[in-house]
Amino acid sequence: MRSSLAPGIWLLRTFSRDSWYRGFILLLTFLIYTCFHMSRKPISVVKSRLHQNCSEIIQPSNATHDANDTTWCNWSPFDQNNYKELLGGVDNAFLVAYAIGMFISGIFGERLPLRYYLTAGMLLSGLFTSLFGLAYFWNIHELWYFVLIQICNGLVQTTGWPSVVTCVGNWFGKGKRGFIMGIWNSHTSVGNILGTLIAGVWVSGPWGLSFAVPGIIIATMGVFTFLFLIEYPEDVDCTPPQHHGGLEENQNNPEDPGSNPYSHQERSLEAAAGSSKEPSAQPAAISFWGALMIPGVIEFSLCLLFAKLVSYTFLYWLPLYISNVAHFSAKDSGDMSTLFDVGGIVGGILAGLISDYINGRATTCCVMLILAAPLLFVYNQFGQNGVTLSIAMLIICGALVNGPYSLITTAVSADLGTHKSLKGNAKALSTVTAIIDGTGSIGAALGPLLAGFISPTGWNNVFYMLISADVLACLLLCRLVYKEILAWKSALSKDTGSCLALTPTR
């Protein structure tokens, strides 16, 4: 009985129980979003299998095609010279659907239980991912089939991110450091790595399994989510987290350079969970225009557009680039491309640590973006001169490209979560998040599409596009970087003044 226990013992047991559940939710949501990204990755690996150099492949003894046929080993309709444009269109079908769906996904997520919403999304994602691979076994060669499957998959995959962010926000409150959130954010890169390795097992053979196996895994994880996901701490008698939102914090003006304009992902997550279960405590939803007019929304949305353009171009085209330039096999190209995601894990954690230490989210992103631009040029020019150099450059580029992308998302949500006009309004934050993620997803759709059209003119032009997008993303953060510099100067002046006031006079 609680009353028979000493206060210290009861607190220890409560803390241990709450910590266990919070750790379980953190791990479960990590695995959930890992599966989402794992199911998106196989298409980038299988691209080099759908169209390859048939002259380097030994023809089977029972072949029935013409001996002069140079496309016999390719998969129609990707066997012609316009295969890059067609593959870019298939990518774009998914990404455009994802961008459109992201704008409306939050509306359904607010009105449906998260456990049901997330489970349905994972089961349908598994279905459509598997259907893409079944084209191999059903001998389907129609372009409309691949496009339709990608559109459906893009729509259902939008259930993932809003759901896991809201769920983690329900469990975790104030005080979580960037290091922890940086590790949690690595689910994107971990999913990309797993998806690449799994797809690589069958890419040289029955490539349909490269899609079917990840599809089965995410569907199985959906069943696990339905059975074990706990949306609120109160559902299992755990202590709810302490969220910010008192009068003193609400009076802070984020436009004041002396105030802290950013926290980190913990403030985004806790703000997403700020709405109570009780209907009487729920604030009115903010309008789309009202959310758009909050200072920083437009800048960060456009910045995320260009940041995701770079990141998703690498996500979908890096294995094919390595195969074309370094002349690796489809499997080896996929395996080599995972090093970019390894760098993304390191970059996300470092970005969280550094931004926590200097209290400057936008500055951290801006510096990493500035460093990324010239290194992308160096990688394209010299990255294939040796395996060791290629490995090092991929890891460094991955850290500098994906680190800011991860931190931009969290910095935006944190900045808006502390704005005085929101006052802890979770519905307002949901609308703002939909604007930002939807805009960023437009960039994710444009990048692979442009790469499909530009790559026939040479890979150099693709990298010039990526470098330009990187520079634009950096420029869009200039005003926020300036605010952070003013905040540092103000804080330094206060510290200097305090030190002078404490200095004894003779």
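1. In this predicted model, Trp20 and Phe24 both belong to helix α1 (residues 7–40), where they are four residues apart, about one turn of the helix. Trp20, at 57% relative accessibility, counts as exposed because the cut-off for that class is over 50%. Phe24 has 22% relative accessibility and therefore counts as partly exposed.

2. A second ring pair is formed by Phe314 and Phe340, with centres 4.5 Å apart and planes at 10°, so this pair is stacked. Phe314 is part of helix α13 (residues 297–326) and Phe340 part of helix α14 (residues 330–358), so the pair ties together parts that are 26 residues apart in sequence. Both Phe314 and Phe340 are buried.

3. The aromatic pairs come to 24 by the rule applied here. For Trp20 and Phe24, the ring centres are 5.8 Å apart and the planes lie at 5°, so this pair too is stacked. Ring pairs also link a cluster; its members are Phe78, Phe132, Tyr136, Phe137, Trp144, Tyr145, Phe146, Trp207 and Phe211.

4. Charged side chains also sit over aromatic rings. Lys47 lies over the face of Trp317, at 3.8 Å from the ring centre. The charged end of Arg115 is placed over the ring of Phe226, 4.7 Å from its centre.

5. Helix α6 (residues 160–171) has twelve residues and spans 17 Å from its first C-alpha to its last, close to the 16 Å expected at 1.5 Å a residue. Ten of its twelve residues are buried, so α6 is largely enclosed by the rest of the structure. Among the buried residues of α6 are Trp161, Val164, Val165, Cys167, Val168 and Trp171.

Notes
Residues numbered from 1 in each chain as written. Predicted model: local features only at pLDDT ≥ 70, side-chain atom pairs only at ≥ 80, totals over all residues. Heavy atoms only, no water. Helix = DSSP H or I, 4+ residues; strand = E, 2+ residues; numbered from the N terminus. Expected span 1.5 Å × (residues − 1). Buried < 20%, exposed > 50% of the residue type's maximum accessible area, 1.4 Å probe, protein only. Phe/Tyr/Trp six-rings, centres within 6.5 Å; stacked < 30°, edge-to-face > 60°. Lys NZ or Arg CZ within 6 Å of the ring centre and 35° of its normal.
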